[in-house]
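Subject: Structure handover

Hello,

I am passing this structure on to you, with the sequence alongside. My notes on what was found follow below.

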Amino acid sequence: MGVKLIAVDMDGTFLNDKKTYNRERFRQQYAQMKAQQIHFVVASGNQYYQLASFFPEIVEEIAFVAENGGWVRDAGEDVYNCSMPRDHFHQIVDFLQTRPEIEIIACGKASAYTLKSYDQRFHDIAVHYYHRMELVDNFDNINDTILKFALNIPDEKVPDMQATLDAKLGHLLTAVTTGHGSIDLIIPGVHKANGLRLLQERWGVNDDEVVAFGDSGNDIEMVKQAGYGFAMANAADAVKAVAGYHAPHNNEEGVLEMIDKALKGQAPFA
């Protein structure tokens, strides 16, 4: 059948640890993807506006599965966005604010929102991932479509906190790890694989024609669903366990290495 869609997670996958990528190498690859009619999809837990900033020349051509599937765009057009019910939003906030070790970001379509009361260190980190961010006194009067929550938690507390969140909020949201000290709370069924599925239906692409790369817990569904699901060498064990294939380390341009093979029809794509 051949490859018709390549989907990449960003942090720890497409990007190296310095949050950059080989732009010239990818530019040449993207030209070949277009020539071979292969769709390119950025699939990340991050905010759409932040993701778009990495691809300014082609942002209106490619597709994005942003906010862990909460917002899907194709060639500048909205395909899908979820919307958290207001009563669920307030129940979740009420519980999260009983846990002082958690710093909360409410991720909306127009902007992300976090508390003015959090320390400057957290604010400085957050703006790297949320190019649209509002500091608010509280979460009571946000007028936006809420897509998910992003939580900042001390690294050593992530496993226990994920279990606690599943126990307390599992009827409302699914807790997924996204990297060091981060957990996203997503609407059940609204994940990267669901976002890719919507794009596949739009484009007429089968699972066995999809290549997907990931490294963290929020990539598991996407990597499992793809015919060519790759775990990075630096991926979490849970991702490696479900991946049919493995790519080199994110600091070794592992994704670009495998894209080269896909474009040339080399193993495992032969």
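**Pockets**

The second largest pocket is lined by Tyr 21, Arg 23, Phe 26, Arg 27, Tyr 30, Phe 55, Glu 57 and Ile 58. Please keep in mind that this is a predicted model. By class, five of these lining residues are nonpolar, three are charged and none is polar. The space in the second largest pocket comes to about 150 Å³.

The largest pocket holds about 970 Å³ of space. Its lining consists of 39 residues, and Tyr 129, Thr 178, Gly 179, His 180 and Ser 182 are the ones that lie nearest the centre. Sorted by class, the lining of the largest pocket has 16 polar, 13 nonpolar and ten charged residues. Several helices and strands supply at least two lining residues each: α1 (10-14), α5 (120-129), β6 (103-108), β9 (146-152), β10 (174-179) and β11 (182-186). The largest share is that of α5, with five residues.

**Nonpolar cores**

In soluble globular proteins, nonpolar side chains tend to be buried together. Here the largest nonpolar core has 82 residues. Which residues have the most contacts inside this core? They are Phe 14, Phe 40, Phe 55, Leu 96, Phe 149, Leu 185 and Phe 213. Helix α10 (residues 254-264) gives the most to this core, namely six residues.

Apart from neighbours within four places in sequence, Phe 14 is in contact with Val 8, Asp 9, Thr 20, Tyr 21, Phe 26, Phe 40, Phe 55, Val 255 and Leu 256. Among these contacts, Tyr 21, Phe 26 and Phe 55 also line the second largest pocket.

There is also a second, separate core of 15 residues, and Leu 5, Val 41, Leu 196 and Trp 203 are included in it.

**Cysteines**

How many disulfides does a search of the whole structure find? The count is zero. Cys 82 is in no disulfide, and the nearest cysteine sulfur, that of Cys 107, is 10 Å away. For Cys 107, likewise in no disulfide, the nearest cysteine sulfur is that of Cys 82. Cys 82 is buried, with a relative accessible area of 4%. Cys 107 is buried too, and its relative accessible area is 0%.

Regards

Methods
Residues numbered from 1 in each chain as written. Predicted model: local features only at pLDDT ≥ 70, side-chain atom pairs only at ≥ 80, totals over all residues. Heavy atoms only, no water. Core = buried A, V, L, I, M, F, W, Y, C linked by side-chain atoms within 4.5 Å. Buried < 20%, exposed > 50% of the residue type's maximum accessible area, 1.4 Å probe, protein only. Helix = DSSP H or I, 4+ residues; strand = E, 2+ residues; numbered from the N terminus. Contact = heavy atoms within 4.5 Å. 1 Å grid on protein atoms, 1.4 Å probe; cavity = no way out; pocket = protein on both sides within 12 Å on 5 of 7 lines; lining within 4 Å. Points joined across faces, edges and corners; volume = space filled by probe spheres on them. Nonpolar A, V, L, I, M, F, W, Y, C, P; charged D, E, K, R; others polar. Disulfide = S-S within 2.5 Å.
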